[in-house]
Amino acid sequence: MLQEPAPEQSHILAQLHAMLLKVWTTPWSKSKYHIIPDPTESCLALLTLNWDGSFKSTKEVTTLIAKFEYCMRLTFLREIRAHASAGDIEVDEEAACDALQPWFTEKNYLTFARLCSLQHRASAISFGTMALPSIWWTDMEAWSTLSFKGNHVAFTDICKIFKDVEEVLVATWENKVLKGLELRADYEQVVDDPSNKDVGYSFLFDPRNSCFQDRACLREDKLVWNRAALCGWLQDYAELQKLLLMRAEMLSGAPSRGTELTAMLYRNTQARDTRNLMVFGKHVTLLGQYSKMSALTCQDKLIPHALDALTGDILIQNLALACPFAEIAARICFADEEVSQLYHDHLFINFDRLFTSNDLSMVMAKYSLPRVKFAMTINPWQHIQTAWKRKFKCAMDDVVEMDMEDDVDALQAGHSRATENRVYGLSMHSLAGAAEDILPLFLQASMGWQERCQVMPSGSGLPYPRARSHLFKAKPPATASSAMRNSSTDCAADKDAMVENIANRVVERLTPMLTNLMQALTTAGGHSEPSAKAKGKQKETGDEDASAHGANHPRVTPPPDSSAWEQDWSSDDGAASQQSMPLPLPLPPSPSPPPPPPPPPPQDLSILALQKMQALLQGDNISWSSPQQKEAMTKILG
């Protein structure tokens, strides 16, 4: 860590600042002999080269340009502050800002503006480029194994990694940090106020949590400390922090950004009034704020990651018991007040400095190498975890998974779903290309992933001895299988439901129309008797004719057959007609009608439906165009 700068160090810093300011406030022009005269652009061009002479991808170039832009802004900010005088700070800062503004804004042809233009172009290319798949699924039924860049990875091995880390974490906490002492801060319900912005506030200092009020039980002025032993203890304490950091990255749902995770605070400070550790009910939660869109929107997002039960409880025990002692040890071992301030505010400390993304990658590689036979660092883990969470779909049944709509898993990873579908965890199934949500969905996403990894999920509120992975009981198979539906199965089920819905609606709308058409065709062919409505109409016509001819001129109309005649006279309507109409003349006896022909043998409804449709469409070569059409016509005749 860089201590208070010595006189020669201050001189070096001043010279570096003067040099960078001169480079970035000089208008560089092209010439015949200098195609890229700007040293910054020349440096960028060299940095984009790989060791084999090829160029880096546009996604990697955007990171380099962003670092240049942030460095330039910081240099100009330092220069503006240097111009400020003690007499009238606002006027001097404003004048200095106006003088330097063209050099750190766009819409001109200076160094900063050209870098921004290159950044826009590289970002547009990156957003429009579909990454090639780095994952090949070797098990396409249970999705239990995959190949990442040729490396075989089984999900059971991932679960074994978490069990290995759990064993080492508990042993380190009990034997190296607590030194065998049976100490514990007992709590049942932790009270936390997420809206409290007071400097120094944390649930550890909330007076309603009486279990955390005896944190300052040691007094350094009453003891003679062994400085070497304290340094050794701080090293063991850093090992504990490293394991907690790894589990927070791999078991809290979608992976967090390593740079943000290593710099998280557990209490509010003057510079940052939103701490990163909060408790929602029984969920110990890390609250991330970084998003790739933060620089464009100038707004941070709240991205919760719920810790599993064991990690959350050990983290609370650490902050309540070990962290106060670590702060005392840091003041004794290090003369620099900044180191003890790190222990005072930050969540994860690596001895005398903060962790970096490389430190996190190293510990991930250490515990993953024996199980999966390759170093599974931050970037490979993002791809592998994203691929599996797509297949498992732990808590996303109610979120629409469209490229234009973000789901909780993607938001928890700090990027949009479109970015995730284009870059992370791509397999051969994703080549076709397929806002903030409420807090419980984020927590459920973390819990779903933890249950898949066979660890005690967040929200159980159990002490760590009862939250071990061997005590975890999986959900019933029905619930697990329903949660494990992959995207292709979901699409097939949705398609079947949609087809069934369309078939039912077609049947409902076509039934009256087809019934009338078939009845009309049957009536025209003389294969059916007149309907009741037609009989009533004939009776009304007969009544009118009888009234017109009078009682002395009866009109005798023999029925088409005796059965119809008997049916008319045996009904109530026929009795009424018999009373109102004159009796017909007696007819000579007619021979008895021949017996009715035997009924035809029953036909298959689908064959009959096809015949009816051919009659309607007047074509003998017409057949079924789809199973749904056959099903609809069969339902109508049934």
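This report describes selected strands, loops, a helix and a cavity of one predicted model.

Residues are numbered from 1 along each chain as its sequence is written, and side-chain values use heavy atoms, with hydrogens and water left out. Because the model is predicted, local features need pLDDT of at least 70 and side-chain atom pairs count only at pLDDT 80 or more, while totals for chains, interfaces and linings use all residues.

**The three-stranded sheet**

Helices (H or I, at least four residues) and strands (E, at least two) are DSSP runs, numbered from the N terminus. Two strands pair if DSSP finds at least two bridges between them. Strands β4, β5 and β6 form an open sheet in the order β4-β5-β6, with antiparallel pairing. β4 (277–280) and β6 (303–306) are the edge strands, each with a single partner, so one side of each has no neighbour in the sheet. From one strand to the next the twist averages 40°, where axes are lines fitted to C-alpha atoms and angles run from 0 to 180 degrees between N-to-C directions.

The antiparallel strands β4 and β5 are joined by 4 bridges. Val 279 has Val 284 of β5 as its bridge partner, and Met 278 stands opposite Thr 285 in β5. The two strands form a hairpin with 2 residues between them, and Gly 281 in the turn has a positive phi of about 65°.

In a regular strand the side chains alternate between the two faces of the sheet. Both faces of β4 are covered: Leu 277 and Val 279 are buried on one side, and Met 278 and Phe 280 are buried on the other. Here buried means under 20% relative accessible area, exposed over 50%, and partly exposed in between (1.4 Å probe, protein chains only).

Strand β2 is joined to β3 (residues 151–154) by 4 bridges, and the two run antiparallel. Leu 146 stands opposite Val 153 in β3. Most residues other than glycine have a negative phi.

| Residue | Phi | Location |
|---|---|---|
| Trp 143 | about 55° | loop between β1 (135–137) and β2 (145–148) |
| Lys 149 | near 55° | hairpin of β2 and β3, with 2 residues between the strands |

Trp 143 is buried, with a relative accessible area of 3%, whereas Lys 179 is exposed at 52% relative accessibility.

**Helix α5**

Helix α5 (residues 111–127) has 17 residues and spans 24 Å from its first C-alpha to its last, close to the 24 Å expected at 1.5 Å a residue. The expected span is 1.5 Å times one less than the number of residues. Among the buried residues of α5 are Phe 112, Arg 114, Leu 115 and Gln 119.

**The largest cavity**

A cavity is a set of points on a 1 Å grid over the protein atoms alone where a 1.4 Å probe fits but cannot get out, and lining residues have an atom within 4 Å of a point. The largest cavity holds about 170 Å³ of space, a volume being the space filled by probe spheres set on the points, which are joined across faces, edges and corners. Of its 20 lining residues, Tyr 187, Lys 282, His 283, Val 284 and Gly 461 are the closest to the centre. β5 (283–288) and α10 (309–333) each supply at least two lining residues, and α10 gives the largest share, 4 residues. The lining divides into 8 nonpolar, 8 polar and 4 charged residues; Ala, Val, Leu, Ile, Met, Phe, Trp, Tyr, Cys and Pro count as nonpolar, Asp, Glu, Lys and Arg as charged, and the others, Gly among them, as polar.

Methods: 1 Å grid on protein atoms, 1.4 Å probe; cavity = no way out; pocket = protein on both sides within 12 Å on 5 of 7 lines; lining within 4 Å.
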